[in-house]
Amino acid sequence: MALIGFPKDFLWGTATSSYQIEGAATEDGRGESIWDRFSKTPGKVGDGTNGDVACDHYHRYREDIALMKSLGMQAYRFSVAWPRILPTGRGKVNPKGLDFYNRLVDGLLEAGITPFVTLYHWDLPQALQDQGGWPRRSTAEAFVEYTEVVARALGDRVKNWITHNEPWCISLLSHEKGLHAPGLKDFRLALAASHHVLLSHGWAVPVIRAASPGAQVGITLNLSPAEPASASAADYDAFRHHDGYFNRWFLDPLYGRHYPADMIADYIKAGHLPSEGFTVVQPGDLEAIAVDTDFLGVNYYNRAVLRSDKVPEEKNHPRTVHLAPESEWTEMGWEVHPDSLRKLLTRLHVDYGPRKLYVTENGASFSTPPDAQGRVPDEKRLNFLRDHFLAARKAMDAGAPLAGYFVWSFMDNFEWDRGYAQRFGIVWVDYKTQQRIPKDSALWYRDVIKANGVQVP
Ligand code: PNW
């Protein structure tokens, strides 16, 4: 056995988000979020469930922190529920909402765990949705007000901030495809939402810095490393479009370029933008979005292989094809492809040059119930994590400034439109008893953290 080591100050942790774990949906003055509304709309969540109780983390956070500590976690990425802080999105602050995150942060620091706070992981106050939500510019203004409240309350102790989780999901998955709240299917609204999410990031960064001296601030994107299925020009064009749609549309403006011209042309041609172009962009917006950040957060799950033939159910985009029969697939139907993480991190370093990178999410859905002895043998997840850690390590050898890794997720939780059917946790959650059982992958991860490296044969 040999140890593939990581740098001395490399941060190992796990990630969660508020709506997926907290429960206590109507407690202590929390307002309604778009995910409360969406998940209770029949037909939106596969197994008909919602986040009313979830992992009951709102009441069990002390035990959860103790479990993290026992597993040797060095960092924990969680999100703040906007409707706990400002129940109707703007205006009067709900002190009980802030109290919860104050207790959580204090508990983490006492346990020696570094908190990484995501300000927006999808639970928009329903009241703001009723006024138009992210397609409206006023929602970006509201986000900055909310950010200031949270950064002032926690900024003395929290020094790592993520403005948004996955702008592509917030805008396109939710407003174009309609699969996530608010469940709209309108490409123009989706593109307007994407701009206002990025704009709100740009405006929020200086506000966080002012309230939290010495803060490290970044944004998290879900990125889709892609490749053409063949060397044909048509497949290359399918790849170009996919890369523009998922990756460059967000990366280019964040790193000081305009929205990609080839995508604007595609969208005008398809009728998703007016012939004048991306008219929601106002003077000064691109400068705001290109604000200097300390790190880029990367959520990586799978790659895409593109070919140009269109399929009826996906009229808007070239289809993704599965070309590798030898690949393994997770229960989400996602291909296991660790080398694409290496390529992605290397590409980000070369093409965009972020000061630092964090993998803010990476993990796999495999459901492996406890055996008769109460052990949870999730060998597939363990192998998945090991291979991805090693791929990330290779990207670091190629110069990618990766500073830490957050496994998705600390525990099984509410997997959005899939409900509780998909389990991403390294800790098993029994939703009847709320018992937590560290899976084999969690025990293995504890050893990785302790050794600050991965044992390979
Ligand atoms: C991310 N897609 O979501 C989220 O940040 C997590 O909250 C979530 O639990 C995790 O990944 C696992 O799904 C995504 O359709 C959801 O491409 C859907 C997609 C991507 C990311």
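Author: Helices H3 and H5 are roughly parallel to each other, because angles under 35 degrees count as roughly parallel. Helices here are DSSP runs (H or I, at least four residues), numbered from the N terminus. This is a predicted model, in which local features need pLDDT of at least 70, side-chain atom pairs count only at pLDDT 80 or more, and totals for chains, interfaces and linings use all residues. Residues are numbered from 1 along each chain as its sequence is written, and side-chain values use heavy atoms, with hydrogens and water left out.

Reader: At what angle do the axes of H3 and H5 cross?

Author: Axes are lines fitted to C-alpha atoms, for helices over the stretch in contact, and angles run from 0 to 180 degrees between N-to-C directions. The axes of H3 (residues 57–70) and H5 (residues 95–110) cross at roughly 10 degrees and come within 10 Å.

Reader: Which residues of H3 and H5 meet?

Author: Contact means heavy atoms within 4.5 Å. From H3, His57, Tyr58, Tyr61, Ile65 and Met68 meet Lys96, Phe100, Arg103, Leu104, Gly107 and Leu108 of H5.

Reader: Which residues come nearest to the ligand?

Author: A residue is near a molecule if one of its heavy atoms lies within 4 Å of it. Of the 16 residues around the ligand, Gln20, His121, Glu361, Glu415 and Trp416 come nearest. Helix H8 (residues 167–175) gives the most to this shell, with 3 residues.

Reader: How far is the polar side-chain atom of Gln20 from an oxygen atom of the ligand?

Author: The distance for Gln20 is 2.7 Å.

Note on methods: A polar contact is a pair of N or O atoms within 3.5 Å; within protein, one must be able to donate a hydrogen and the other to accept it, and residues adjacent in sequence count only if both atoms are side-chain atoms. Helices (H or I, at least four residues) and strands (E, at least two) are DSSP runs, numbered from the N terminus. Angles under 35 degrees count as roughly parallel, over 145 as roughly antiparallel, 65 to 115 as roughly perpendicular and the rest as oblique.
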